[in-house]
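Good morning. Please look at the structure on the screen while I talk.

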Amino acid sequence: MRYLPLSEGDRAAMLAKIGAATIDDLFVDVPAPARLPAKIEGLADHASELAVERHLGSLAGRNMVAGQGPFFLGCGAYRHHIPASVDHLIQRGEFLTSYTPYQPEIAQGTLQVLFEFQTQVARLYDCDVANASMYDGSTACWEAIAMARRITRRGKAILSSGLHPHYVSVARTMARFTGDLLETMLPELTPEPDTMRLIEAVDGETSAVVVQYPDILGRIGDLSELAARVHAQGALLIAVVTEPVALGAIRSPGEMGADIVVGEGQSIGVGLNFGGPYVGLFACQERFVRQMPGRLAGETVDAEGKRGFVLTLSTREQHIRREKATSNICTNSGLCALAFSIHMTLLGEKGLRALAEMNHAGAVKAALRLSSIPGVELVNDSFFNEFTLNLATEARPVVRAMAEAGVLGGVSLGRLYPGAQTLANGLVVAVTETVTDEDVAALEQALTEALK
Amino acid sequence: MTMNREGRPTRPETAGAVTGTTWTGNRALMLDEPLLFEIGDTQTTGVDFDPAGPGRESRLGGLERRRPIGLAGLSEPETVRHYTRLSRQNYAIDLGLFPLGSCTMKHNPRLCEKVARLPGFADLHPLQPVDTVQGALAVISDLGAWLVRLTGMHSVAMSPKAGAHGELCGLLAIRSALEARGDMREVILVPESAHGTNPATAAFAGYRVENIPANAAGRVDLDALKSRLGPDVAGVMITNPNTCGLFEPDMIAISAAVHAAGGLVYCDGANFNAIVGRVRPGDLGIDAMHINLHKTFSTPHGGGGPGAGPVVFSEALTPFAPLPFVERIQADEGERYVLVEEENADEHHSRSFGRMTAFHGQMGMFTRALAYILSHGADGLRQVAEDAVLNANYVLRSLEDVLEAPFGASGPCMHEALFSDKGFAEGLTTLDVAKGLIDEGYHPMTMYFPLVVHGAMLVEPTETESKAALDQFIGALRNVAERAKAGDPSLKAAPIHAPRRRLDETLAARKPVLVYREPDPAQAAE
């Protein structure tokens with residue numbers, strides 16, 4: 001078998017060295033009733049590279065590929081163009097097949113990348129510090145809520161109705177076990193996000209207010225007043241960013257007073273991948289750093305005084321603190337963080353701003369065009385590259401009909417909020433730089449047809 | 001001097017004294033690389049954009065970003081060089097044996113990378129209509145079916161993002177099952193030798209953690225465990241094979257005792273690679289176990305992730321498994337796959353404890369793991385376990401005359417060999433041996449873990465090492481160990497050939513510098 005280098009001769013020689021007659025002698029500790037005498041029946045035997053490739057290729061062929069037609073899905077995962085060098089570089093064996101940098105003298109590559117990544121994320125969010133990544137945006141969001149509880153010693157978090165419903169679900173799952181109280185609401189198809197409601201809701205028992213920016217419907221709200229109000233009540237403001245490209249165009253949450261900013265980094269460098277692996281971004285202001293979850297790379301010097309990097313502040317982490325750790329996270333999303341960092345380096349500030357401008361311009365153009373279709377109304381006053389349309393009819397069948405016509409035309413709110421009648425007609429449309437004028441025309445036509 | 005006709009010397013002259021210093025500070029192929037923020041600037045970009053159309057109105061709600069962000073950019077050639085140079089400062093499994101115990105650094109087949117990048121998998125949005133992603137759901141379903149068969153369990157949750165997330169999934173299912181019968185138990189028992197994630201996870205899931213001791217043979221002390229069981233104990237978290245690299249021979253008895261006391265058994269499956277195809281955890285009485293796809297099924301570790309941590313469940317825990325999951329339905333026109341999410345959970349799965357992550361889990365890891373599994377097949381996976389265990393025992397028996405193997409006398413180990421620092425000369429430590437191995441061209445073994453052995457060195461060679469590679473590693477470790485026993489003070493200076501000498505971790509923690517800050521121009525002028 002191609003991945004196993006030992007020959008039968010090697011195996012015999014090694015057993016002799018060990019002093020075992022057969023390989024079974026090495027499994028003597030397994031209780032007799034649990035020993036399998038031979039391979040498990042009913043499963044296929046080994047296969048050639050060609051055969052495996054052919055089989056998986058046929059499964060891949062049963063999917064409708066996003067890039068092969070007009071494509072407008074967003075809601076927490078966005079299709080952006082990724083420069084070819086990103087995937088080439090992350091496939092270098094020294095990155096791809098290395099481990100968590102526990103031996104820093106021979107892991108400076110990974111450690112320096114993480115230090116640069118942390119700096120990029122902190123600057124993008126306008127926070128003092130960022131960690132070396134989390135699994136994804138949704139789990140980072142819960143970790144932020146748990147962190148706010150530790151800092152404020154209060155157990156009630158108020159979640160904006162504009163927070164991604166999967167993120168709300170994750171928080172709800174966890175809160176049931178930790179005893180945190182969560183205030184949640186369904187969004188409404190109104191032009192503005194629910195900032196005013198949050199300002200009224202925050203009180204002296206609130207640990208944190210969690211607000212998505214731009215929100216699930218694509219709306220953008222100023223967080224400054226909310227931040228002031230939250231701070232006056234001794235609570236923390238957690239901002240969640242599911243589309244990092246937006247921050248090339250709009251003010252950062254940190255600038256507007258957010259204490260913890262978390263989000264999904266998938267848009268930059270990672271690709272759609274049917275939902276994972278993605279990369280959770282996590283940043284906060286300096287005074288909270290010792291309550292942060294996850295790995296941190298930090299600068300130091302070596303025995304000769306040369307600058308180098310190590311994993312640091314690990315007394316927060318599970319391998320040192322065990323049950324007293326800030327989180328149970330161990331493995332993070334290192335390779336995706338690398339992809340994010342490389343793509344961000346290629347973009348630079350100038351490129352990120354240009355990319356954001358293109359996204360916004362395309363979205364504005366598409367929004368105007370689509371909202372002129374009879375039976376289609378634009379919900380948003382403000383948006384970046386994603387907006388919500390209120391259709392004259394339920395959106396889910398419309399999405400399916402458009403898919404049959406070869407157009408992946410958006411995410412229906414019925415998919416995200418099953419059973420919520422007030423949202424059933426909502427269709428969220430994302431327009432990135434990958435969308436052409438012809439794509440928008442195709443969507444316009446498919447949507448018009450589907451609504452007839 | 002020998003020269004060719006153009007006058008170019010073709011033979012080295014006798015090497016003279018070597019100073020080792022260079023003008024650049026580089027040493028031939030060992031190239032230092034400045035930070036991105038020292039070589040890039042905010043006006044450079046490595047991406048060209050197609051010219052934008054005519055300007056349109058802004059709909060940003062008056063929130064245009066005006067302040068500079070401070071993101072340094074590089075042109076494409078500079079970017080490729082920056083990251084290529086950085087990559088060369090990393091050790092990797094592609095370069096050599098990576099015997100990091102408990103972490104399972106085995107060869108990463110490139111076939112897996114290739115299939116994961118097929119547009120039919122990589123370029124799919126998680127919220128596409130289910131009819132347009134039937135092939136992707138088939139991958140999740142097929143991989144899940146393999147995991148269930150290989151473990152002899154009842155069902156599988158595919159969405160957990162990594163091992164620790166899988167542990168959380170298992171504990172939440174346990175807690176849900178107990179609460180469903182009105183049983184509010186508060187304590188999880190964890191052996192002292194456990195990974196740190198076990199107690200951290202139990203605490204994260206709202207449990208109080210108590211340790212159970214190990215016996216002299218490095219196994220869970222069954223009597224101590226039994227005497228602690230009671231109506232307040234929700235369950236145990238046991239790693240099997242354990243972190244000493246040993247199989248728990250009492251595992252069936254442990255499970256029976258826990259069940260008899262009304263608790264449930266979680267198994268940390270980090271070391272499943274040692275027994276895949278030879279033992280099914282379902283035959284050991286386990287209720288839940290996560291499988292690190294990046295360990296047993298060799299999805300690349302990528303410098304710290306991403307991983308994937310599907311969890312297999314017993315029948316008792318199956319009703320509580322998280323959303324979403326994939327159901328395969330056999331119909332006349334062929335099989336069809338249903339995604340069970342919040343909206344249809346009530347009909348199928350009303351007792352689920354809920355969602356753990358956005359979307360459906362680590363799809364990119366699923367395609368890789370499935371390619372790995374299909375490549376090996378049932379016969380090959382059994383061989384994987386056998387070769388992993390054979391290689392570890394070969395290391396154990398080849399080195400036990402020079403390094404103390406605290407449990408060597410109790411019989412064979414599983415997939416990793418554990419040594420202690422007993423017999424090292426005064427002042428020399430496990431850390432010194434590890435750093436000495438770096439100079440020999442190896443990544444060190446896991447050190448100071450598990451905590452139950454003083455100065456622990458945990459060596460996991462994996463099945464993808466040849467005998468020749470093992471023999472060379474054994475020779476190198478033997479040599480370094482002998483130096484440690486002889487008190488060779490030069491070991492304290494190791495590594496001397498790595499990109500960096502030993503790094504000051506105390507300084508890093510005492511004065512944390514976690515992001516780059518441009519030098520203050522006022523200070524720079526002084």
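Predicted model: local features only at pLDDT ≥ 70, side-chain atom pairs only at ≥ 80, totals over all residues.

Start with the two chains. In the contact between them, 173 residues of chain A meet 174 residues of chain B. On the chain A side, helix α11, residues 334-370, gives the most, with 22 residues. That side of chain A divides into 84 nonpolar, 54 polar and 35 charged residues.

M1(A) sits in the segment before α1, which is 8-18 of that chain. Is M1(A) buried, exposed or partly exposed? Within 10 Å there are 15 C-beta neighbours, so M1(A) counts as partly exposed. If we set aside neighbours within four places in sequence, M1(A) is in contact with H46(A), and also with H376(B), G380(B) and Q383(B). M1(A) and K17(A) are 16 residues apart in sequence, and their C-alpha atoms are 24 Å apart in space.

Now a helix in chain A. α12(A) covers residues 395-404, and α14(A) covers residues 437-451. They pack at an angle of about 125 degrees, with axes 9 Å apart. The two helices are therefore oblique to each other. Their crossing is right-handed. Which residues make the contact? From α12(A) there are V398(A), A401(A) and M402(A), and from α14(A) there are A446(A), L447(A), A450(A) and L451(A). By type, the residues of this contact are 7 nonpolar, no polar and no charged.

Staying with α12(A), its buried residues are A395(A), V398(A), V399(A) and M402(A). They span an arc of only 100 degrees around the axis, so they are on the same side of α12(A). What do these buried residues pack against? In chain A, their partners are β11 (386-391), β12 (411-412), α13 (413-416), β13 (426-430) and α14. After α12(A) comes G406(A), with a positive phi near 90 degrees.

Over to chain B for the second pair. Helix α5(B), residues 134-151, packs with helix α12(B), residues 363-399, at an angle of about 45 degrees, and the axes are 10 Å apart. This pair is therefore oblique too. The crossing of α5(B) and α12(B) is left-handed. Among the contact residues of α5(B) are V139(B), L143(B) and W146(B), and those of α12(B) include F366(B), L370(B) and I373(B). The residues of this contact are 12 nonpolar, 1 polar and 1 charged.

Last, some backbone details. Chain B has a cis peptide bond between G305(B) and P306(B), with omega about 0 degrees. P306(B) is in the loop between α10 (293-296) and β7 (311-313) of chain B. There is another cis peptide bond between L323(B) and P324(B), where omega is about -10 degrees. P324(B) is in the loop between β7 and β8 (325-331) of chain B.

In chain A, N273(A) is not a glycine, yet its phi is positive, near 50 degrees. N273(A) lies in the loop between β6 (260-264) and β7 (280-284) of chain A. Why does N273(A) count as buried? Because it has 28 C-beta neighbours inside 10 Å, and the cut-off for buried is 20 or more. R322(A), also not a glycine, has a positive phi of about 50 degrees. The loop that holds R322(A) is between α10 (318-321) and α11 of chain A. R322(A) is buried as well, with 22 other C-beta atoms within 10 Å.

That is all from me.

Note on methods: Residues numbered from 1 in each chain as written. Chains lettered and ligands numbered in written order. Axes fitted to C-alpha atoms, helices over the stretch in contact; angles between N-to-C directions. Helix = DSSP H or I, 4+ residues; strand = E, 2+ residues; numbered from the N terminus. Parallel < 35°, antiparallel > 145°, perpendicular 65-115°, else oblique. Left-handed = near helix turned anticlockwise from the far one by under 90°. Contact = placed C-beta atoms within 7 Å. Nonpolar A, V, L, I, M, F, W, Y, C, P; charged D, E, K, R; others polar. Buried ≥ 20, exposed ≤ 12 C-beta atoms within 10 Å, placed from the backbone. Arc of directions from axis to C-beta.
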